[in-house]
Amino acid sequence: MLSRGDILAGDYVIDSLIGKGGMSCVYRARMQDQPQCMVAVKELPATVRLASGLRVDQGISAQMNLMKRVDHPGIAKLLDAFRWESCFYLVFEYVEGRSLQSMVASEGPLPERQVLAWALELCDILGYLHGLKPAVVYRDMKPGNVLVDESGALKLVDLGIAREFKSASDQEKDTVAFGTQGYAPPEQYGSAQTDARADIYALGCTLWHLLSGFPPPMEFPLPDVRTVNPQVSEGCAALIARCTQLDRQQRYQSCDQLAANVRHLLGEGGPAARLAAAFKQLLKPRAQVMAAAPAPQPAPDLFLEDVPTTVLSAAQRATGELPAAAGDFFFVVVQSECFTAAE
C-alpha cells in the first residue's frame with residue numbers, strides 16, 4: 001500500500017487514500033510537474049484476475065482502448081495507465097465531491113424529486129455510452145460509482161467492467177458473472193448476453209437504494225420500494241418496477257424511453273405544459289401590441305379556465321403569465337375557441 005509522499009513512477013505524488021475495495025485501492029495524488037493538478041490513482045495487484053476473467057494487464061488494455069472512444073462530461077476521464085513494481089495503475093481525472101452512496105448512508109432516503117433529477121442525468125450518461133458504435137454497456141451502475149461534484153453535476157466513474165456490445169452471432173451470452181450483487185440483472189450472471197437493458201435494470205436498483213436508504217436486496221424480482229419507504233409516489237415506484245423487470249422485453253428498452261417517463265413524473269414536457277407554454281408565448285406579443293396601440297379598442301376577454309375556473313387578471317394579461325392548471329386537465333379559452341389538453 002502506498003503512503004503519503006510516495007512518488008509513483010516519477011510522475012505522481014501520493015496525497016491520501018480515498019477508497020479501498022476488494023482488490024484495489026484508490027488514492028488522491030498530485031502530478032509531480034504540476035502540483036496544482038490533482039488526479040485519482042487506482043492500484044491493482046498484478047497477480048489478481050479481474051471479475052471478467054482477464055488478467056489485470058489484459059483488462060487495463062481493454063479499458064484503455066474503450067476509454068479512447070469515450071468523451072462525455074459526465075464520465076471521469078482516464079488519463080494514464082502503467083505498471084509500477086508489483087501493481088498496475090490507472091490514473092483518472094480527480095472529481096472533488098461525494099458519492100451517492102455516501103450521501104444516502106449519511107442522510108437516509110433522499111428526496112424523490114432530487115433522485116428523479118439525478119435519474120435524468122444518468123439516463124443521459126448511459127444513453128451516450130449505449131449510442132456509441134459499437135455500443136458500450138456499463139454493467140456496474142450503483143450509487144458508489146456516481147459522484148456529485150462541487151457544481152452538483154454527476155460523474156460516472158470506474159468503467160472497469162464495461163464491455164462493447166456484441167451481436168448474437170458473435171456471442172450468445174456473457175461467459176462470466178460480474179457486477180455488484182443487488183444491482184446486476186439476472187442475465188449479467190451468465191444467463192444471456194448483456195445489453196443496454198442491463199444498465200437500465202441497475203439504474204432502477206440504484207434509484208431503489210437512493211429512495212429507500214438501503215442497498216437493494218439480492219431478490220428477483222426486486223420488492224416494491226414502498227414496502228421500505230411508503231412516501232415514494234406510486235408513479236416513481238412503478239417506474240422502478242418497470243426498470244427491474246426480470247424479462248428484458250418488459251423493461252424500458254432505451255434510456256430515452258426511461259428519461260421520457262422521468263420527465264413526465266417531474267411534470268416536464270406533458271401536453272398540458274406544452275400547451276400552456278405555447279399560449280404564454282402568444283400572449284406576450286399580443287399584450288405588447290395592445291399596449292403600444294394609440295387608441296386601443298376593448299380587448300376580447302382572454303382567460304384560462306381550469307377546475308374551478310380561474311380568470312386572468314389585467315396584470316396576468318399584460319405579462320402573459322398563466323396560472324398553473326389544477327387537476328389532471330385544463331381548458332384554454334380564447335374568445336370562442338376551446339382547446340382541451342389531457343395529460
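This is a predicted model: local features need pLDDT of at least 70, side-chain atom pairs count only at pLDDT 80 or more; totals for chains, interfaces and linings use all residues.
Residues are numbered from 1 along each chain as its sequence is written, and side-chain values use heavy atoms, with hydrogens and water left out.

Q: Why is Arg197 called buried?
A: Buried means under 20% relative accessible area, with exposed over 50% and partly exposed in between (1.4 Å probe, protein chains only). Arg197 has a relative accessible area of 11%, so it counts as buried.

Q: What does Arg197 touch, not counting residues up to four places away in sequence?
A: Contact means heavy atoms within 4.5 Å. Arg197 touches Arg248, Gln249, Arg251, Tyr252 and Gln253. Arg197 itself sits in helix H4; helices (H or I, at least four residues) and strands (E, at least two) are DSSP runs, numbered from the N terminus.

Q: What makes a group of residues a nonpolar core?
A: The members are buried Ala, Val, Leu, Ile, Met, Phe, Trp, Tyr and Cys residues, joined through side-chain atoms within 4.5 Å. The largest one here has 57 residues, and Leu129, Met141, Leu156 and Leu258 touch the most other members. Helix H3 (residues 112–131) gives the most to this core, with ten residues. Another core, of 14 residues, lies apart from it, and includes Leu8, Tyr12, Met31 and Val39.

Q: Which residues does Met141 touch, not counting those up to four places away in sequence?
A: Its contacts are Leu122, Leu126, Val146, Leu156, Tyr183, Ala202, Leu203 and Thr206.

Q: How do you know how H4 and H5 are placed against each other?
A: Two packed helices are described by the angle between their axes and the distance between the axes. Axes are lines fitted to C-alpha atoms, for helices over the stretch in contact, and angles run from 0 to 180 degrees between N-to-C directions. For helix H4 (residues 196–212) and helix H5 (residues 234–243), the axes come within 7 Å and cross at roughly 145 degrees.

Q: Which residues of H4 and H5 meet?
A: From H4 come Ile200, Tyr201, Gly204, Leu207, Trp208 and Leu211, and from H5 come Cys236, Leu239, Ile240 and Cys243. That gives nine nonpolar, one polar and no charged residues. Ala, Val, Leu, Ile, Met, Phe, Trp, Tyr, Cys and Pro count as nonpolar, Asp, Glu, Lys and Arg as charged, and the others, Gly among them, as polar.

Q: How do you know that E7 and E9 pair?
A: Two strands pair if DSSP finds at least two bridges between them. E7 and strand E9 (residues 146–149) have three bridges, in the antiparallel sense, so they meet that rule. Gly97, for one, stands opposite Asp149 in E9.

Q: What joins strand E5 (residues 78–84) to strand E6 (residues 87–93)?
A: Six bridges do, and the two strands run antiparallel. Phe92 in E6 is the bridge partner of Leu78, and Val91 in E6 is the bridge partner of Asp80.
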